[in-house]
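Biologist: Could you take me through this structure? I am new to it.

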Amino acid sequence: MTLQRKIFGLVLLLLLALALTLPFTVSNYMLRVCNMTMITYMCVVSLFVIFGMAGQISFAQAGFWGVGAYISAILTVKLHVSALVALLASGLGTAAFAAILGLALFRLHGHYFGFATIGVVMILNGLFQNWKPVTGGADGIANIPPFAIGSLEFASETSLFYLIAVAVIIISIATYVIYRSSLGRAFMAIRDNEIAAKCMGVNCYQTKVIAFAISGLYCGIAGSLFAFVSSYISATSFTFMQSSLYLVMLMLGGYHSLPGPIVGTALLMMLPEWFRFLQEYILLIYGLGVMLLMVVMPDGLIGGGKQALESYRNKRKGVANVAQK
Amino acid sequence: MKKMSFRKILSVSAVAVLGCFLSAGTANAQELKIGVVTTLTGEKALTGVYSRNGIMLALEEINGKGGVNGKKISVMIEDDGGNDAGAVNAFNKVLSLGADVVIGPIYSTMDLSMSPSIKKAEIPTLVIGSSNDIAKQKNPWMFQTRTADAVSAAAIANYAAKKLGLKKVAILHDTDNFASGAAEVATKTLEDLKVPPILVEKYNTGDKDMTPQLAKIRASGADGILAWSQLVEAGLIMKQIQSMDIKVPVVGSNSYVTKIALDLAKDNAEGVYSVADYVYSNPAPWTAQFAANYKAKYKLESEFNSAMNYDAVYVIADAFKRAGTNDKKAMRDALAAVKEVVGVSTTYTFDANNVGGTSVAIVQVRKGVPQIIESVRGR
Amino acid sequence: MSPKNNPVMVLEKVCKRFGGVVAADDVSFELEPGQIRGLIGPNGSGKSTTLNLISGICDVEPGIILLDGEDITKKAIHERARMGIARTFQHPRLLSRCDIKTNLFLGHDLGNMRRASGASQEIDQSVDELLDVAGLKIGMDDSIKTLSYGQQKLLEIIRAILTKPKVFLLDEPAAGINTREMDRIRALIAIAIRNKAAVLLVEHSMDLVMSLCDIITVLNFGCVIAEGVPAEIQGNEAVIEAYLGRRRHA
Amino acid sequence: MVLQLIIASLAMGIVYGLVAMGFVLIWRAVGVVNFAQGDLLMAGAYVAFTLTELEGLPMPVALVACAAIMALVGVVFHFLTYWPLRKSWDMTVIISTIGASIALKEIATLVWGPAPLSVEPIIPGIARFASVSIEWQFLVTIVIAAALMGMIFYLLEKTYIGNILQATAQDQYAAELIGIPVVVATSMTFAISALITGIGGMLISPIFFVSTTMGGSPGLKAFAAVIIGGFGSVPGAIIGGIVVGVIDTFSGAYISSTYRDAIVFLCLILALLVRPQGIFGEKISDKV
């Protein structure tokens, strides 16, 4: 096993080096695409927490993403709050909103909860589009000042890249720590077998609300960063379709473990940019590609990869056992 | 618990900032490269296809006559997928391909989301959204070619109140950025004329059944309806107004007199007024020429999307002729100095706020064909 | 009944009706720490229902359940689990999409949660000890799907032991098990007893029940028809009749 | 005015009912929520356009032809999204239907072009009675849709084929054991589901025109209809559809026309919280 770890370590260092020097080797266009990919990744990780780990399918993520974006936009544009405070307010505000919502909706189980979250994202989208006094209605909110801590301003795409990268690293580490912690095990117990989880002392209702709050926190932070990156937000970005894209990214990447969202997001955000020359056919190929990938790799790229690795190892072990007897 | 291997955690985060390879475009010094951001996929694909038709037709004509000062014009079209983030991506893409000047989409929310990138990239960009917010951005590099709502929406209100003598007007409009902004301006104009609207009804893009709104309008005894809609909803509203026996004059946005909406509504569109940037049946020689060329090339009737994009190319060509170089600063100043460039949609003169469209036409549908009644000059 | 020392759990007149069907009718017995009580009876006699009533999956209509003297009749499943009730299921309920380590650590989490002091080192060592006793030579990172049915049952028992329970409910551990795994189950139950847990064993295989249990309660149609040491139960007329039906007089 | 609203809400409700019925049939047969059901409505409308406007078929012939084509589309859809994934987790099928939803819209855009199209109504003109004036097509939609629902309901409940489909829906494994070719049963269910929703599309195409985006809003509102009516019950889907139609139309008229959609989805959430099993559904308890 250690050989595999060493290779893994090498690959990681290479990637890290590449990542740090990325802004200088890549055009402004691809840099903005990377920034948007990382922001989308945070929402997909939030779906990984509530659905990948805790097993509760949720379409509310784009709604929470919107709540986070609007909190930051309103605080900075209308109340002239400092960017850092707005970011925290977005994260915690959305987490609180998700928790309250969870308290109400987690009396429902399985698909019923999923349908309720479809209602949530549609209602939120309706509010973003029409609640003029607060969200600026159809005009959205423009001129969101760039992110700044004290005098240090993050206006250029490169500086934003590092800012978002820091947030992504923190969220990835936090999720990895949760994944390995007792809280993470409680999530997965709920996902796999709720009755067994209860018998193992897991307060399912409370734990699901915590998972929903954490996913709200991630979406809130992602929404806030989205507001600062694009400095203009309108309701057209926070739709049911966006939520289902997060689900597609998570499932294609592999919902089992943390690398899944990374691969899924990177794949589905970068491919349409690389295949821009397809113009009108891009969405058709996107749709058919999703269907094909689900058939070929039901457990996603990472899940599928692991299975291939495992079956390869079992075959090798099987051969070894036969030899022993 | 085993010691948490720090390397494993770093691997998780490093992969998250996955890089990708560079896509550099080749820059050709003298030739003028126009970058076009429009919607070719998703729900709003219709407007994008028409915009592209208008641009390609203009390009063909200009390059056919040897280009400008002997230099050809080339176009790079990128799809924005119908959402704000997509528009910014497409804008950055054409920028990286070395565009000298950009033509933006007709949806104001996308223009507004591109505005910061335009200012940062300092590249002259013509946007075709009509919302007044665009001028408010005070972005020196962004030019609003379309006649802004301030003129067209006010013209609808004035025409309804003064010419048609309507006293109790009802307003019905989509909740998208275009219609909401226009409705606001019209409401204010009507209030200034002391005939405030007695009822304002809204619907969401994609709604099909307008019965609730129209039933309320019929019950309110309104003597006229002002409406701002996209193409499909325009056809729907004209049809449902007739099918609910609401016999009052209707003054709609430009969508109401496009061939598409008239094909959908058929004879229900009879007598509908509209304040239009462009109508395919405009008898003026250069407009009729465009309509004929367009129909010959695409087997489709032209409409305002293709007309305004067609004009945008000619406005850029005019500026390029005077600037003589594809340098961005020079092109910007040349664009700002565009004076009385006669287009098929309107005559273009960029004012201090970089708004170019100067006039709209009052039109009425008679025997299935929109007839121009009068032209309203904003300035 | 063995001399009365302080019972860890007491059931008093516990009843349960599913519509017309009487699943439990005035069931009463006590569980002493370090003692194995067998709960036997023909199919549908209310054995599993009793386990569900104790673990909280089913609500007790009339009747009281006490744990260390505290009334837990109204407590939720997870609260009872945290107070020291651990159970296995007829068909093992393991986390199918997790690896073995996660499954085991789930039990370990509950064990930690209940004890203020974090005796985690000691726990680690006993995981390996339990795995050796159960004869499970498996990689911690293997997925549950690689385990046989018998191995899954053993793993579920280990997971329950890891929670250091006061009351350990076993729902037909021997069902679908070969003899080699049967001995391992005996060894695991012995470990639980050594940890002073009170074991309630619901089982059909008589040789396991008769050899392991200190005392046995027999249920039929939800009622307790007999209670006593294994020897008494084997000779008891009512028990034989419940299982084999009335002997027809020649 | 109220009568006008009632008829309009009935017509919209029946359409939501048809889409919801399509949902429920697929859900009962294979336990999967089809996110592309709204796009089958759109497909039906485009097929209707081709049959009536391009081929010029008279209406009754077009109706039958459209039904046949949509049944075929249903079978193809079944083998593309469900069949290859029937063994794996149901979530993978849901993702596959999301992919199909995107692909269906783009195929329509590429084949028929992005422009909206109009279809001749079965009975043109406007019906006027008792202060109500509404297009005849609205009433035709209600009548034909109700007849179609009745036929499908009869097929499912009373006929031998219906029993086969019900048996497969309840327990595929058991159905296979007693010799039912499950692949035939599930593909037939998908065919019926696409047929109903497709005919729904054909019926509303003259009223609301044919466009690639016409499937979106009805698809989501059909979700609400399925829940309010009772998840998994066919009559529930129909009644749920009409209830949603009424909520949609009357909230638009009396509460606020802008928050019409939001109100429908608020009712969805309230229905879930108050009565998750819906009007007709039976309480689904957690099986230990």
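Predicted model: local features only at pLDDT ≥ 70, side-chain atom pairs only at ≥ 80, totals over all residues.

Biologist: How many residues does the contact take from chain B and from chain A?

Modeller: Chain B gives 49 residues and chain A gives 57 residues, where contact means heavy atoms within 4.5 Å. About 4600 Å² is buried between chain B and chain A, and carbon and sulfur atoms give 65% of that area. Buried area is the accessible area (1.4 Å probe) that two parts lose on being put together, summed over both.

Biologist: How many salt bridges are there between chain B and chain A?

Modeller: The count is 2 salt bridges, each a side-chain nitrogen of Lys or Arg within 4 Å of a carboxyl oxygen of Asp or Glu. B:E184 forms a salt bridge with A:K132, and the closest N and O atoms are 3.9 Å apart.

Biologist: Which element gives the most to the side of chain B that touches chain A?

Modeller: That is α1(B), with 10 residues. By class, the side of chain B that touches chain A has 20 nonpolar, 18 polar and 11 charged residues. Ala, Val, Leu, Ile, Met, Phe, Trp, Tyr, Cys and Pro count as nonpolar, Asp, Glu, Lys and Arg as charged, and the others, Gly among them, as polar. Helices (H or I, at least four residues) and strands (E, at least two) are DSSP runs, numbered from the N terminus.

Biologist: And chain D, how many residues of chain B are in contact with it?

Modeller: 34 residues of chain B are in contact with 33 residues of chain D. The buried area there is about 2900 Å², with 58% from carbon and sulfur atoms.

Biologist: Which residue forms a salt bridge with B:K239?

Modeller: D:E135 does, with the closest N and O atoms 2.8 Å apart. The elements that give two or more residues to the side of chain B that touches chain D are α2 (45-64), β7 (199-203), α8 (211-220), α9 (231-243) and α10 (259-265) of chain B. That side divides into 13 nonpolar, 9 polar and 12 charged residues.

Biologist: Changing topic, what is the strand order of the sheet in chain C?

Modeller: The order is β6-β7-β8-β3-β9-β10 in an open sheet of 6 strands with mixed pairing, where two strands pair if DSSP finds at least two bridges between them. β6 (85-87) and β10 (223-228) of chain C stand at the edges with a single partner strand each, so one side of each is left without a neighbour in the sheet.

Biologist: In which sense do β9(C) and β10(C) pair, parallel or antiparallel?

Modeller: They pair in the antiparallel sense over 5 bridges. C:L219 has C:V224 in β10(C) as its bridge partner. Their hairpin has 2 residues between the strands, and C:F221 in that hairpin takes a positive phi near 50°.

Biologist: What about β6(C), which strand does it pair with in the parallel sense?

Modeller: Its parallel partner is β7 (residues 167-171) of chain C, over 3 bridges. Within this pairing, C:R87 is the bridge partner of C:L169.

Biologist: Now chain B, how many strands form its open sheet?

Modeller: 7 strands form it, in the order β7-β6-β8-β9-β10-β13-β14, and the pairing is mixed. The edge strands, β7 and β14 of chain B, each pair on one side only.

Biologist: Which side chain meets B:K163 in a salt bridge?

Modeller: The side chain of B:E374 does, at 3.8 Å from N to O. The pair links distant parts of the chain, 211 residues apart: B:K163 is in helix α6 (residues 149-163) and B:E374 in strand β14 (residues 369-377) of chain B. Over all chains, the structure holds 35 salt bridges.

Note on methods
Residues numbered from 1 in each chain as written. Chains lettered and ligands numbered in written order. Heavy atoms only, no water.
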